[in-house]
Amino acid sequence: MNRVISSRNNVCDYRNRVHGGQISICGCRQFLQQRQTSLRKKTNRFVIQQLSLSGRDFAYHRNRAFHPAEDCSMLPSSFARRLAPTLLALLCLAALPSLARATVVASTIKGSDSIWLAGRTDLLIPDASQPWPGGMVRHAGPTPEEIKETLPPGFAVTAGSVIRVLDPASGGISFFNGFGGTTYGPEGNGVPGSSSISAFGGLSGYLGTQGALVGVFLSDGVPVSNPPATLDFTNAGLGINFLTLAPELQQVFYIGNGVTSGGVFQEFIAPAGATRVFFGISDSFNFNGAPGAFDDNDGAYQIRVGINEDPGNPITNPVPEPSGLLLLAAGMGLLWRSRRSI
Ligand SMILES: [Ca+2]
Ligand SMILES: [Ca+2]
């Protein structure tokens, strides 16, 4: 029962803090004494008692059922109790910039950016003059363009990220043999359901507008198998004027020019597990069957992609994601609390 109360790294040592022969103060007691009045007024939960045990006084915390003989060093130091909320608050605030990824990025989509190659870093794309067994279907003979397929561009997202795409209407892609001629922008040929392309690897098929800009959400894994169901972007299905779309991972989705016929930005919501979103081209022979026929797709166009941000406006005041706002509130709350404790 004569244990020496010594709170390591604390503000006091029992043996050195005897005043008037009756008070010994260790860190926890000191903290409780400072807090006693205000806490009693509020909750009456904290009670300090002094017990003389062999001439030594102990403080204990009734709510936490500290036995009087227990060493006060079992409690966090007074200093630590005060400092911890401050540190946590500062950490929360420091983490905000990385979490609040509200951004707008410009990207060039080339005719060779096959959406079905999204995330397929496991594949070796052969030279355009060679056949590609097991890959994208190619023309039997040389095309005037002899274009080699490319991996489509991707951007980092998190689950719940809201993606919007703006077509600045610059450039176009020639999907057919020969340079020039008719070119398609992100809207493709504008006829919903005019293209039906089968799944490839772990990515779904596509049922939508010929030659339209499409996208897909992926995790960090390489999508080699188990493609999800193909979404239906015919007029009898989802159509092309939906306001919000929440595709599954690895499910190819229509984007087009990114706005409804009324000019409203369409929103694509990243599913659970998503870490990346890719943008690319949908093509195949006659826009039906297995993905392919990219080897004559010369041309490119520009798009702007908003991740939790309107891509139609330059970023002047990035808007934090909901998770970032919660973190900000938590950080400010902890900071306020820690300042009250000091
Ligand atoms: Ca062409
Ligand atoms: Ca083509």
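## A predicted chain of strands, sheets and one main core

Leaving aside its neighbours within four places in sequence, Gly289 is in contact with Ile197, Ser198 and Ser284. Here, contact means that the C-beta atoms of two residues, placed from the backbone, lie within 7 Å. Residues are numbered from 1 along each chain as its sequence is written, while chains are lettered from A and ligands numbered from 1 in the order in which they are written. The model is predicted: local features need pLDDT of at least 70, side-chain atom pairs count only at pLDDT 80 or more, and totals for chains, interfaces and linings use all residues.

**Confidence and overall make-up**

pLDDT is the predictor's confidence in each residue, from 0 to 100. Its average over the protein chain is 76, and 62% of the residues score at least 70. Residues 1-80 have a pLDDT below 50, and this stretch has 98 contacts in the model beyond near neighbours in sequence. Residues 95-100 also fall below 50, with 13 such contacts.

The protein chain has three helices and 17 strands. Both kinds of element are DSSP runs, numbered from the N terminus: helices are H or I with at least four residues, and strands are E with at least two. Of the 342 residues, 38% count as buried. A residue is buried if 20 or more other C-beta atoms lie within 10 Å of its own, exposed if 12 or fewer, and partly exposed in between; the C-beta atoms are placed from the backbone. Take the contacts between residues at least 6 apart in sequence: 71% of them join residues at least 24 apart.

**The sheet around Gly289**

Gly289 sits in strand E16. How many residues separate Gly289 and Ile197 in sequence? They are 92 residues apart, yet their C-alpha atoms are 4.8 Å apart in space. Gly289 counts as partly exposed because it has 15 C-beta neighbours inside 10 Å.

E16 belongs to an open sheet of three strands, in the order E10-E9-E16, with mixed pairing. Strand E10 (206-208) and strand E16 (288-289) are the edges; each has a single partner strand, so one side of each has no neighbour in the sheet. Two strands pair if DSSP finds at least two bridges between them. Strand E9 (residues 195-197) pairs with E16 in the parallel sense, over two bridges. Ser196 stands opposite Asn288 in E16.

**The four-stranded sheet**

Another open sheet has four strands, in the order E6-E15-E11-E13, and its pairing is antiparallel. Here strand E6 (154-156) and strand E13 (253-254) stand at the edges; each has a single partner strand, so one side of each is left without a neighbour in the sheet. Strand E11 (residues 213-218) and strand E15 (residues 276-281) run antiparallel and are joined by six bridges. E6 and E15 also run antiparallel, with three bridges between them. The table gives bridge partners in E15.

| Residue | Opposite residue in E15 |
|---|---|
| Ala156 | Arg276 |

**The nonpolar core**

A nonpolar core is a set of buried Ala, Val, Leu, Ile, Met, Phe, Trp, Tyr and Cys residues joined through C-beta atoms within 7 Å. The largest one here has 43 residues, and those with the most contacts inside it are Ile115, Ile163, Val214, Val216, Phe253 and Ile303. Two or more residues each come from strand E7 (162-166), E10, E11, E13, E15 and strand E17 (298-307). E11 gives the most, with five residues.

Which residues does Ile163 touch, leaving aside its neighbours within four places in sequence? Its contacts are Val157, Phe268, Ala270, Val277, Val305 and Ile307.

**Two residues with positive phi**

Asn226 has a phi near 55°, a positive value in a residue other than glycine. Its place is the loop between E11 and strand E12 (244-245). Asn226 is exposed, with 9 other C-beta atoms within 10 Å.

Gln250 is not a glycine either, and its phi is positive at about 70°. Gln250 lies in the loop between E12 and E13. Is Gln250 buried or exposed? Gln250 is buried, as 24 other C-beta atoms lie within 10 Å.
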